Amino acid sequence: MTVLRPRTFFSLFISLIFLVSLAVSSEKTTIRINYANRPPSYLRALDLGGSLYVSSNDFAALFNLPFAISRERSKFELRLPQHRLKVTAHNPFFVITEVASNASSVYQVPAPVQFLDSLYYVPAHAFFELVERFSGIGVSWERESRTLSYSTTTPPPGPQFDISGIELEPRLNGYLLTLKANRKLTEYEALLKQNDGWLFVTVANARADTMAIRQFKTGPVIRQVLTFQSPTSVQLTFRVGTDVARAEPLTEEGTNNLMIALHTKAEVEKEELERRRQGAIRERLERERSRQKLDVIVIDAGHGGKDPGTIGVNKTREKDVTLAVALKLGALIEKTMKDVKVVYTRKNDRFVELYRRTQIANEADGKLFVSIHCNSTERKPSTANGFEIYLLRPGKTESAARIAERENSVIQLEEGYEERYKELTEENFILVTMRQSAFVRYSERFAEVATEAMASHLKIRNSGVKQAGFYVLVGASMPNVLVETGYLSNRNEERVLRSKDGQQKIAEALLEGIRHYKEMYEKALEETRSGSDGG
Ligand SMILES: [Zn+2]
């Protein structure tokens, strides 16, 4: 130890030479600390042409000694129990101040203090001797072996590093990289630059045991580890294998360790597939739900083309009335129910086979099938009157059966009808009913609300919901009804049915029925849905 001499140009010159040589031959190393009863620890050090420098920052942290840094003045101050030890970068003088008396003494050390990577490096031998002399914390420095021993009976200092090492373990879905931490790390981020194969883990307000990390055995997953320690954070930089596709930080109860899950490409692809599969399932469910929505209504104008249907007392043809009502109803739906699509089985005067009508409806994914017709008696004119709404069921009354027979007779105009239509015997009805069982309840509800709406809107008498075996309804895969709007065999009703005004009123009444039905249907659907979701 040399007591202060006046600063000379010579010593300044020596310092400059030293600085220059530092740039060329500085080598990072460590100083080992031997403890009496625990594994060794390390301090960062520099070897400059045989002279050893130790990081005063590391020393302060290792022995839990407070310290202060004045960046702008390049000063580091170590706070010993009764003294302050002050060093300045590029300066070979240590200033020691006794706190009680505020008396300072200055010591010249063999070489100036170095400042590198935000750390202060002081000549090791002089530093350790001075610290021990003024603090008596119990360290002894062996110059030859470059070892600092800590052998007092007082308990050794607590963990000085926040991150004391790293570990890598294989996991089912990749690898787990563990940063062993001595306290809970709260501020961190992990960033994988997959293209470059670098993983950056930055932990704020933490110090890492660089030496211990350096002892990590690299391999195909972690090929290289670099540690960048700054006063405010540490960045661990890993060169990762090409197989690593995603890095995800994790924490676990009961440990301070910070874990980073490294997902392999295969795993990420598998997850992606699974996510897509789940997405597809969700989409399908959504589609199925929207499929249930009352979004397509099929309007079937009875007869057409070579099949005029029944003929009124004043020669009104059923096919003209049904088409006019169908088009008017469709226009009203399109105008007032924006979320409903209208599909017609025919929009002009042409012949459409009965089986084809529900085929069109099924292909359009219809949610309601309304077949529009006009009634008639055999003997004309007659007083029989009123509208009737029919469900597809075995006819209960003779008149219902007769009406179905008349409406069904059109199949004789189709080629090969014997093959196509099975007689609606009791047995066949059972089969048809089974096929329609899923929505027969909705057919009934629609028939009821439509009947109600027509009864309140029209002067035509309400004959109620009826049932008969109409071929045109057999193939429907949706709720379906057949509406007999009125009797063309009745002079009064024929007048209504052939008038634009009368047709419009029938269409409006049917529209109201459809609107009520839609409300009721969608409410029931919502209840079923929330019921099943809740369970
Ligand atoms: Zn008809």
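User: What share of the contacts between residues at least 6 apart in sequence join residues at least 24 apart?
Analyst: In the protein, 62% of those contacts join residues at least 24 apart. Two residues are in contact if their C-beta atoms, placed from the backbone, lie within 7 Å. Please note that this is a predicted model, in which local features need pLDDT of at least 70, side-chain atom pairs count only at pLDDT 80 or more, and totals for chains, interfaces and linings use all residues. Residues are numbered from 1 along each chain as its sequence is written.

User: And how many helices and strands are there?
Analyst: The protein has 14 helices and 27 strands. Both are DSSP runs numbered from the N terminus, with at least four residues (H or I) for a helix and at least two (E) for a strand.

User: Is the protein compact or spread out?
Analyst: It is more spread out than a compact globule, because its radius of gyration is 47 Å, well over the 24 Å that the globule rule gives for 535 residues. The radius is taken over C-alpha atoms, and the rule is 2.2 Å times the number of residues to the power 0.38. Along the principal axes, the C-alpha atoms fill a box of roughly 140 × 45 × 40 Å.

User: Which domains are assigned?
Analyst: The assignment gives domain 1 (2-150), domain 2 (163-268) and domain 3 (291-531). Such bounds come from an automatic or database domain assignment. The C-alpha centres of domain 1 and domain 3 lie 101 Å apart.

User: Which residues touch the most other members of the largest nonpolar core?
Analyst: They are Ala450, Phe470, Val481 and Leu510, in a core of 58 residues. Helix 14 (residues 500-534) gives the most to this core, with eight residues. A nonpolar core is a set of buried Ala, Val, Leu, Ile, Met, Phe, Trp, Tyr and Cys residues joined through C-beta atoms within 7 Å. A residue is buried if 20 or more other C-beta atoms lie within 10 Å of its own, exposed if 12 or fewer, and partly exposed in between, with C-beta atoms placed from the backbone. A second, separate core of 31 residues includes Leu48, Val109, Leu130 and Val131.

User: What does Ala450 touch?
Analyst: Leaving out residues up to four places away in sequence, Ala450 touches Ile389, Val481, Leu510, Gly513 and Tyr517.

User: Changing topic: what is the strand order in the open sheet of four strands?
Analyst: The order is 14-15-21-20, with antiparallel pairing. Strand 14 (163-171) and strand 20 (244-251) are the edge strands, each pairing on one side only. Two strands pair if DSSP finds at least two bridges between them. Strand 20 and strand 21 (residues 258-264) are joined by seven bridges, and the partner of Val244 in strand 21 is Thr264.

User: Where is Pro381, and what is the peptide bond from Lys380 like?
Analyst: Pro381 lies in the loop between strand 24 and strand 25. The bond from Lys380 to Pro381 is cis, with omega near -10°. Most peptide bonds are trans, and most residues other than glycine have a negative phi.

User: Which phi does Asn102 have, and is this residue buried or exposed?
Analyst: Asn102 has a positive phi of about 65° although it is not a glycine. Asn102 counts as exposed because it has 8 C-beta neighbours inside 10 Å.
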